[in-house]
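Colleague: I have a model open and would like to learn how to read it feature by feature. Could you take me through it?

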Amino acid sequence: MGSEPVRVPGARFLPIPADGDLEVGAESVAGFLGEVALLRGRHDAIAESTQRTRGLAEHREELVRRLWNLEVAALPARVIGGGVIVR
């Protein structure tokens with residue numbers, strides 16, 4: 001188990017810094033959604049290589065839930081031409 005955030009090759013926005021918010025401008029929402037999809041496709045490897053306080057299965061489920069939440073927030077933003085703030 002690592003203690004450092006995992007940066008997946010191709011990831012630009014995530015992981016979110018612990019000490020601040022992530023602001024995704026309207027022009028970057030499509031790229032952000034692509035990155036969420038990229039991470040979702042690699043969630044097993046990410047779950048296995050990141051620090052966790054719970055068991056692996058629960059950690060994996062939490063990761064999937066958080067990625068889904070990011071996607072749910074970003075999809076309407078893309079439709080209306082807005083940005084996203086992740087806290």
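Colleague: What share of the contacts between residues at least 6 apart in sequence join residues at least 24 apart?

Modeller: Contact here means heavy atoms within 4.5 Å. Among contacts between residues at least 6 apart in sequence, 57% join residues at least 24 apart. Before we go on, note that this is a predicted model, where local features need pLDDT of at least 70 and side-chain atom pairs count only at pLDDT 80 or more, while totals for chains, interfaces and linings use all residues. Residues are numbered from 1 along each chain as its sequence is written, and side-chain values use heavy atoms, with hydrogens and water left out.

Colleague: How many of the residues are buried, as a percentage?

Modeller: Buried means under 20% relative accessible area, exposed over 50%, and partly exposed in between, with a 1.4 Å probe and protein chains only. By that rule, 30% of the 87 residues count as buried.

Colleague: What span does α3 reach from its first C-alpha to its last?

Modeller: The expected span of a helix is 1.5 Å times one less than its number of residues. With 25 residues, α3 reaches 37 Å, close to the 36 Å expected. Its buried residues are H59, L63, L67, L70, A74 and A77, and what covers them includes α1, α2 and β2. After α3 comes G81, whose phi is positive, near 80°.

Colleague: Which residues touch the most other members of the largest nonpolar core?

Modeller: In soluble globular proteins, nonpolar side chains tend to be buried together. A nonpolar core is a set of buried Ala, Val, Leu, Ile, Met, Phe, Trp, Tyr and Cys residues joined through side-chain atoms within 4.5 Å. Here the largest one has 18 residues, and L14, L22, V24, F32, L70 and V84 touch the most other members. Two or more residues come from each of β1, α1, α2, α3 and β2. Take F32: leaving aside neighbours within four places in sequence, F32 is in contact with F13, L14, L22, V24, L70, A74 and V86.

Colleague: Is H59 buried or exposed, and which side chain does the side chain of H59 make a polar contact with?

Modeller: A polar contact is a pair of N or O atoms within 3.5 Å; within protein, one must be able to donate a hydrogen and the other to accept it, and residues adjacent in sequence count only if both atoms are side-chain atoms. H59, in helix α3, counts as buried at 17% relative accessibility. The side chain of H59 makes a polar contact with the side chain of T50 at 2.7 Å.

Colleague: Where does R52 lie, and which backbone oxygen does the side chain of R52 reach at 3.1 Å?

Modeller: R52 lies in the loop between α2 and α3 and counts as partly exposed at 24% relative accessibility. The side chain of R52 reaches the backbone oxygen of A47 at 3.1 Å and that of T50 at 3.3 Å.

Technical notes: Helix = DSSP H or I, 4+ residues; strand = E, 2+ residues; numbered from the N terminus.
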